[in-house]
Amino acid sequence: MKILVCISHVPDTTSKINFTDNNSKFDTNGVQFIIGPYDDYALARAVELKETSGATITVLNVGQADTEPTIRKALAIGADDAIRVNAEPTDSFFVASQIAAQAKEGGYDLILMGRESIDYNSGAVHGIVGEMLGMPSISPVMKLDIEGNTAKLAREIEGGKEYLEVNLPFVAGCQEPIAEWKIPNMRGIMSARTKPLKVVEAVSTDSGVKLQQFELPPAKGAVKMIAADNVQELVALLKNEAKVL
Amino acid sequence: MNILVFVESAEGKIKKTSLEAVAFAHAMGGNVTAIAIGQTEQAELENLGKYGAKKVLHAADEKLNQGVIQAYAAVLAKAFQDEQADVLVLADSSLGTPVSARVAAKLDASLASNVVQLPDTSSGFVVKRSIYTGKAFANVSLTKPKKVIGIKKNAAELKEVGSPASVTAFQASLSDADFSTKITSSEKATGEVLLPEANIVVSGGRGMKGPEHWGAIEELAKTLGAATGCSKPVSDMGWRPHHEHVGQTGVKVAPQLYIAIGISGAIQHLAGVNSSKCIVVVNKDPEAPFFKAADYGIVGDAFDILPKLNDAIKAAK
Ligand SMILES: Cc1cc2nc3c(=O)[nH]c(=O)nc-3n(C[C@@H](O)[C@H](O)[C@H](O)COP(=O)(O)OP(=O)(O)OC[C@H]3O[C@@H](n4cnc5c(N)ncnc54)[C@H](O)[C@@H]3O)c2cc1C
Ligand SMILES: Cc1cc2nc3c(=O)[nH]c(=O)nc-3n(C[C@H](O)[C@H](O)[C@H](O)COP(=O)(O)OP(=O)(O)OC[C@H]3O[C@@H](n4cnc5c(N)ncnc54)[C@H](O)[C@@H]3O)c2cc1C
């Protein structure tokens, strides 16, 4: 089985978000970049499938050269080779077009992604790729098992989950608890250095979204502390001041 | 402008977030057609007129009673074309969002999800969307003639503006390929307030010490008509079901009131609650980071505060 895992290169979840150049650019100053946490779940599940049934895993990132440490980390976790589409990932359609182009060439049985990126949170790339390739797309997937040509999945729905069956190939957007995040071990880190990482140029697309300006939410006011023996006051404030009861 | 709105229903009733999508479309100004897919009560469909739908379509094919992503996308793309729509509006959800991506790809439309307010059409079509998991916003211009937008909870105010609409059956031309994903079964909490839709959320963290203590959280939630939530470790340890997990990697809530009990307030948890109107934090540690993100705070023991708070709210009703 050939698995393609698409990973985004995103600011660590603890990052403070700031913008520069008149709110037109993301400020990368002091920001650590990581594999998107959801994409990390997808990768972890791919590695488990490889361990149990002998798959090969290709990781794919659409990004500029600065994403390579993130790609190497995915190789250290257990992917066999990598593709970097050398371009700034400007929007979901652009990213999806690149993934679809590579997927057509690679002929993968399974395309795993995160349910959403944690920078733009669109939750769209898997659906667009599915449409472009004429494959089913399922998200958010919290359980994925494969028997022969068929997959059994659980998808999260509001207030519960639903169980599905689908034949390979298909695209899935993953989330917990599909697998546990994997931490690369020393052997993985050493071998990652020499695993193949192919850099390819982007296919052209016409983008339908154009960034105008970023904005930060207004600063939060100070917290009002209430004594533990005076919950009545809290209730009164919620009713009369915050007007939420 | 012709606007098509996809409304989702659960157990035959239209979801509140979908009513907001209709209200949003109405407030955009234009000709609003709503479409419901799968089993939905007739009165619920007609009721969409009250929120601004001029026309209501219903794709009632039995096969559509389950939310199959591809099939729903096919129905919506056809309706978009039949109605000569310019914009598709829907409420972001675990079904709506993945469906919207496929529809946008089918129609070659500009796509934006997590939209938080009405588009600015003074020059072009600019939407404000939440990014970085609620930590920032981006104003983006949607440049293609066709547009698909997913809205976040509270993006529009729900108010009645019209009278019930008439309902027309919508004939979708579906192929077997649209149903290549089979939904075999589902599990769903019934009768509970759903977390993503809730106006009030009572959420517990590791400070609650164990699942056996959740009675007090549920009790307070019942008094308030609230949904229950939890932090990630709580669902990781299986104290609570996964769909209650709030935060960066879980549900992003946007209630009027979020009450956090025994949750430290890690940045990843805050990412899921930063759209709440008002936040109350109860924690025994005065240094807990959550207090910095709160509107009201109580330093105290959860097991002492919870019953007192429950009584005080009951008394104030
Ligand atoms: C310098 C810069 C400028 C940007 N400007 C814009 C902009 O103007 N407008 C805009 O919409 N976005 C912009 N982005 C963010 C953008 O590129 C997103 O990362 C991209 O749109 C995908 O995010 P999404 O939310 O659409 O992905 P989702 O649909 O939420 O992602 C789903 C899954 O797709 C996969 N995926 C996502 N991105 C990639 C990737 N790059 N490579 C491989 N797999 C991936 C992951 O598995 C992810 O979990 C910018 C990013 C950078 C770094
Ligand atoms: C990539 C990534 C994604 C993540 N995503 C999420 C996410 O989506 N959601 C999420 O919640 N976390 C997430 N986390 C985990 C997050 O970093 C924290 O570990 C987690 O939120 C802590 O949960 P907690 O507050 O319940 O537990 P703790 O941090 O252990 O806090 C327990 C709190 O309870 C208080 N307490 C103890 N006893 C009592 C008592 N008797 N009465 C009152 N208070 C008491 C303590 O003072 C403490 O503040 C993520 C982490 C990573 C790395």
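**Ligand 2 site**

I looked up which chains line ligand 2: residues from chains A and B surround it, so the site is shared between chains. The model is predicted; local features need pLDDT of at least 70, side-chain atom pairs pLDDT 80 or more, while totals for chains, interfaces and linings use all residues. Residues count from 1 along each chain as written, chains are lettered from A and ligands numbered from 1 in written order, and side-chain values use heavy atoms, without hydrogens and water.

I listed the shell (a heavy atom within 4 Å). Of its 28 residues, Lys209(B), Ser231(B), Ser264(B), Gln268(B) and Asn283(B) come nearest.

I then checked polar contacts to the ligand (N or O pairs within 3.5 Å). The Ser231(B) side chain puts an N or O atom 2.6 Å from a ligand 2 oxygen. A backbone N or O atom of Gly262(B) is 3.1 Å from a ligand oxygen. Asp301(B) has a polar side-chain atom 3.4 Å from a ligand nitrogen. Alone, ligand 2 exposes 980 Å², and the protein buries 81% of that (Shrake-Rupley, 1.4 Å probe).

**Sheet**

I traced an open sheet of six strands, paired in parallel: S15(A)-S17(B)-S16(B)-S15(B)-S13(B)-S14(B). Strands are DSSP E runs of at least two residues, and pairing takes at least two bridges. The edges are S15 (224-226) of chain A and S14 (227-230) of chain B.

I looked at one pair more closely. Four bridges join S16 (residues 278-283) of chain B to S17 (residues 296-299) of chain B. Val280(B) has Tyr296(B) as its bridge partner in S17(B).

Methods: Polar contact = N/O pair within 3.5 Å; in protein donor to acceptor, adjacent residues only side chain to side chain.
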